Amino acid sequence: SKMAAATQLVLLVCGVAVFRTAVVSSFAIDLDDSFKENREDDIWLVDFYAPWCGHCKKLEPIWDEVASEMRSVGSPVKVGKMDATIFAGVASEFGVRGYPTIKLLKGDLAYNYRGPRTKEDIIEFSNRVSGPLVRSLSTQQLFDHWQQRHLVFFVYVGGESPLKEKFFEVASEMIVYTYFFSASEDALPQDITVQELPAVLVFKDGTYYMYDEYEDGDMSSWVNKERFLGYLNIDGFTLYELSETGKLVVVAVIDGKNSSEEHASLKDITHEVATGYREQFHRFVDRCFAYLKN
């Protein structure tokens, strides 16, 4: 009968739904105290959590989505989760001090994730850190490909040099935040002029800026400041990250629901100052412009 057929269909749909839920949740592997010895050469993305932690509970469904998507695209990174209250000794060895703590474990290195706890941001972090520390840009086509995908990235141009060694050293520290590349001068677009090699450049805000050791000082500090766009939308996390760079932050507070000309004008003026007058203040008063939607 139609009723029986409908009932069977509902049961079938429910059965599929239950099955899919079970499969998705199983993608994040539950880890125990044998993990440290058995992980061998695998790359792991691990959520160290506490069952009573509210932020951990909020992350749980997102973590399942991360595990599901990374497995579906064939990522070499294994996704796991560990109850850090039960396996406190292992968590402590990996430097876990709070919950949740997300780490990518690659060989003897452990990279802390400090970004927004969204599926997209976590997967982006995993893809970036699990790959080469410094990626090669061998052609202009490859350069264009990466420039279209990323708003900010750093490039070393030239051959072997102490500057290159320093660039790789900084990349090992800052890969958790941004991308690093090496390229020959031929791989750069024709409108990019490098007056002296070797050189380190940051590409952002529709243009590029060159690192000057005498003007900019320590390369690590320079990268930490330049990894932000000159004008960006901020939240509590981004504001905290900016505060650690030593930048002065000019914030325009905008009512996101207000479409008045006054609010639009304030945003436009801030953007114009941030992008049009960078050179007037950049090296002398290091500041960043941002807008906060209320």
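**Entry: ground rules.** I am working on a predicted model, where local features need pLDDT of at least 70, side-chain atom pairs count only at pLDDT 80 or more, and totals for chains, interfaces and linings use all residues. Residues are numbered from 1 along each chain as its sequence is written, and side-chain values use heavy atoms, with hydrogens and water left out.

**Entry: the sheet.** I looked up the strand order. It is E6-E8-E7-E9-E10, five strands in an open sheet with mixed pairing. Strands E6 (135-137) and E10 (207-210) are the edges, each pairing on one side only. From one strand to the next the twist averages 30°. I took helices (H or I, at least four residues) and strands (E, at least two) as DSSP runs, numbered from the N terminus. Two strands pair if DSSP finds at least two bridges between them.

Next I checked E7 (residues 153-157) against E8 (residues 179-183). They run parallel, joined by five bridges. Phe154 has Phe180 as its bridge partner in E8.

**Entry: the helix across it.** I followed H6 (residues 140-149). This helix lies across E6, E7, E8 and E9 (199-204), at about 125° to E6. Axes are lines fitted to C-alpha atoms, for helices over the stretch in contact (heavy atoms within 4.5 Å). Angles run from 0 to 180 degrees between N-to-C directions.

**Entry: ring pairs.** I found 18 aromatic pairs in the structure. One is Phe167 with Phe180, edge-to-face, 5.5 Å centre to centre with 75° between the planes. Rings of Phe, Tyr and Trp (its six-membered ring) pair if their centres lie within 6.5 Å; planes under 30 degrees apart are stacked, over 60 edge-to-face, the rest tilted.

I then took Phe203 and Tyr208. Their pair is tilted, because the centres are 5.7 Å apart and the planes at 35°. Phe203 counts as buried at 2% relative accessibility. Tyr208, at 24%, counts as partly exposed. Buried means under 20% relative accessible area, exposed over 50%, partly exposed in between (1.4 Å probe, protein chains only).

Ring pairs also link Phe203 and Tyr208 into a cluster with Phe143, Trp146, Phe153, Tyr179 and Phe181.

**Entry: charges over rings.** I looked at Trp146 again. Arg149 lies over its face, 5.1 Å from the ring centre. Arg227 has its charged end over the ring of Tyr177, 3.7 Å from the centre. The test is NZ of Lys or CZ of Arg within 6 Å of the ring centre and within 35 degrees of the ring normal.
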